[in-house]
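Keep the sequence and the 3D view open, and try each task before you read on.

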Amino acid sequence: MSDVLPPDDQGLIEVIDGTALVENLLNQIIEGYCQPRRDRFDFFWSILLDSSILPLGGKVKAVSAIAQQLKFKVDASQLHNILSLRNAFAHHETDSHPLFVVGKTPAQSSAHYQLHIISSSGKVTRKRREDALKEFRVAYKAAKANLVELVQLVKGKNASDAT
């Protein structure tokens, strides 16, 4: 097993695009809850919600606080998992950390690429890229559904507050 196929770049694109959608949902929740004045709307979205001003981790904390105010359960662990996995995919070259496992026979040998994933608590774990992508997909699906529900709750609350 001398050759390791390069990892699928499509997985990287899926992680980046999926995280961008999660960030957009977080932004919608923050904007919907804060309801900036119409003349400040562009400033709110283009400056305050820019990830260089309010990073993703900060947006997760803000949305968690909003959810508490609305007595809604946000699964922050899924969101933190998405962030950790996104960072691992984004900050590793696609062909970094190849791992060769030599078995007793050639059929038992294997090779794969690893990601070194750092959690929000600082714990480092190593996972196969394929396994990390599967984990991202599960976390993304759950977080997206949870956040869409919160977006709807915030919009519904705004509508009921207006009447």
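**Exercise 1. Placing an arginine**

In which helix is the place of Arg129? Then decide whether Arg129 is buried or exposed.

*Solution.* One note before we start: what you see is a predicted model.

Step 1. Find the residue. Arg129 belongs to helix α5, which covers residues 129-162.

Step 2. Judge its surroundings. The relative accessible area of Arg129 is 4%, and buried means under 20%, so Arg129 is buried.

Step 3. Look across the chain. Ala88 is 41 residues away from Arg129 in sequence, and their C-alpha atoms are separated by 9.5 Å. Ala88 is one of the buried residues of α4.

**Exercise 2. Getting an overview**

How many helices and strands does the chain have, and in what pattern do they follow each other?

*Solution.* Step 1. Count the elements: there are 5 helices and 3 strands.

Step 1. Walk along the sequence. The pattern reads α-α-α-α-β-β-β-α.

Step 2. Of the 163 residues in the chain, 33% are buried. Among contacts with a separation of 6 or more, 63% are between residues 24 or more positions apart.

**Exercise 3. Two loop residues with a positive phi**

Where are Gln35 and Lys71 found, and what is phi for each of them?

*Solution.* Step 1. Recall the background. Most residues other than glycine have a negative phi.

Step 1. Take Gln35. Gln35 sits in the loop between α1 (9-34) and α2 (41-48), and its phi is near 45°, a positive value.

Step 2. Take Lys71. The loop between α3 (56-69) and α4 (76-90) holds Lys71, whose phi is near 55°, again a positive value.

Step 3. Check accessibility. Gln35 has a relative accessible area of 45% and is therefore partly exposed. Lys71 reaches 77%; exposed means over 50%, so Lys71 counts as exposed.

**Exercise 4. How two helices meet**

At roughly what angle do the axes of α3 and α4 cross, and which residues meet?

*Solution.* Step 1. Describe α4. This helix has 15 residues and reaches 21 Å from its first C-alpha to its last, close to the 21 Å expected at 1.5 Å a residue.

Step 1. Compare directions. The axes of α3 and α4 come within 11 Å and cross at roughly 170°. Angles over 145 degrees count as roughly antiparallel, so α3 and α4 are roughly antiparallel to each other.

Step 2. List the meeting residues. From α3 come Leu56, Gly57, Val60 and Ser64; from α4 come Ala76, Leu79, His80 and Leu83.

Step 3. Sort them by class. The contact of α3 with α4 has 5 nonpolar, 3 polar and no charged residues. Leu79 and Leu83 are also among the buried residues of α4.

**Exercise 5. Pairs of rings**

How many aromatic pairs does the structure hold?

*Solution.* Step 1. The structure holds 2 aromatic pairs.

Step 1. Phe41 and Trp45 form a tilted pair, 6.4 Å centre to centre, with 45° between the planes. Both residues lie in helix α2, 4 residues apart, about one turn of the helix. Phe41 counts as partly exposed at 35% relative accessibility, and Trp45 is partly exposed with a relative accessible area of 24%.

Step 2. Phe136 and Tyr140 form a stacked pair, 5.9 Å centre to centre, with 15° between the planes. These two lie in helix α5, 4 residues apart, about one turn of the helix. Phe136 is buried, with a relative accessible area of 1%.

**Exercise 6. Two residues and their contacts**

*Solution.* Step 1. Start with Glu23 in helix α1. At 17% relative accessibility, Glu23 counts as buried. Beyond those neighbours, Glu23 is in contact with Leu49, Ser51, Leu56 and Lys59.

Step 1. Move to Val63 in helix α3. Val63 has a relative accessible area of 0%, so it is buried.

Step 2. Finish with a distance. Val63 and Tyr33 are 30 residues apart in sequence, while their C-alpha atoms are 9.2 Å apart in space.

Terms used. Residues numbered from 1 in each chain as written. Predicted model: local features only at pLDDT ≥ 70, side-chain atom pairs only at ≥ 80, totals over all residues. Heavy atoms only, no water. Buried < 20%, exposed > 50% of the residue type's maximum accessible area, 1.4 Å probe, protein only. Expected span 1.5 Å × (residues − 1). Axes fitted to C-alpha atoms, helices over the stretch in contact; angles between N-to-C directions. Parallel < 35°, antiparallel > 145°, perpendicular 65-115°, else oblique. Contact = heavy atoms within 4.5 Å. Nonpolar A, V, L, I, M, F, W, Y, C, P; charged D, E, K, R; others polar. Phe/Tyr/Trp six-rings, centres within 6.5 Å; stacked < 30°, edge-to-face > 60°. Lists of a residue's contacts leave out its neighbours within four places in sequence.
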